[in-house]
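Visitor: Hi! Could you walk me through the aromatic rings in this one?
Guide: Happy to, let's bring it up.

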Amino acid sequence: MARRGIHVEIDIAATMEHLWALTQNPELHPRWDVRFSRIQPTDTDASGRQRFTYERRTPLHTVRGTGVSLGERLRPDGTRTSALRFSTTDRLSPIRRGRGYWRYIPLPDGRVRFVTGYDYDPGWGPADVFVRPLLGWATAWSFDRLRIWAETGVAPERWGLVAVLAWWRADRPRAARCGRRPAGRHALDDAPATLADLREPT
């Protein structure tokens, strides 16, 4: 089966500036995104490309890698984007190298549509058939946890992964609130041009 990447989107009742701050601040990002435990900027070049290191901690092992991102705050169509490349040499990581983007789209009703598309080279070979759907679910669950934080101010730490079992809580984060990959399209079909300008981090 051909890889089609991972696409997730959600509409959030927050201002563009507020959503940008929650997602672009490396100290705030790991608070809502279950895919990361720590993000540490290392340097920024004259073009605005920001290099960083990242970690994903588990009780048994910590995966560490590097990345580079480039954000666009002022675009003619009123949207914003953030392009990203990342990689790790950790043989235990289910992801080796990848690339993707975030897109922030202002909606007529004042909300912002937050969209991601990304793809990666699998680190676990055939087991990616199980890893990829799990990563898609984790991305969508994290996006809804971000929505709750942006809309209500309830800290994302209130909703740990154990909240998935609290089926009676209508206010808990749910991956099902997100839109997924459009039929017949690859997740990177709508990637911003800035993604092509990013070199793989070393």
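Guide: One term to begin with: buried means under 20% relative accessible area, exposed over 50%, and partly exposed in between (1.4 Å probe, protein chains only). The model is predicted, so local features need pLDDT of at least 70 and side-chain atom pairs count only at pLDDT 80 or more, while totals for chains, interfaces and linings use all residues. Residues are numbered from 1 along each chain as its sequence is written, and side-chain values use heavy atoms, with hydrogens and water left out.

Visitor: Thanks! Is F114 buried or exposed?
Guide: F114 is buried, because its relative accessible area is 0%. Y104 also has 0% relative accessibility and counts as buried.

Visitor: How many aromatic pairs are there?
Guide: A search of the whole structure finds 10. Rings of Phe, Tyr and Trp (its six-membered ring) pair if their centres lie within 6.5 Å; planes under 30 degrees apart are stacked, over 60 edge-to-face, and the rest tilted.

Visitor: What kind of pair do F36 and Y54 make?
Guide: Their centres are 5.8 Å apart and the planes are at 90 degrees, so the pair is edge-to-face. Both F36 and Y54 are buried.

Visitor: And Y104 with F114?
Guide: That aromatic pair is tilted, with 5.1 Å centre to centre and 45 degrees between the planes.

Visitor: Which residues form one aromatic cluster?
Guide: W20, W32, W102, Y104, F114 and F143 do.

Visitor: New topic: which ring does the charged end of R132 sit over?
Guide: The ring of Y120, 4.1 Å from its centre. "Over" needs NZ of Lys or CZ of Arg within 6 Å of the ring centre and within 35 degrees of the ring normal.
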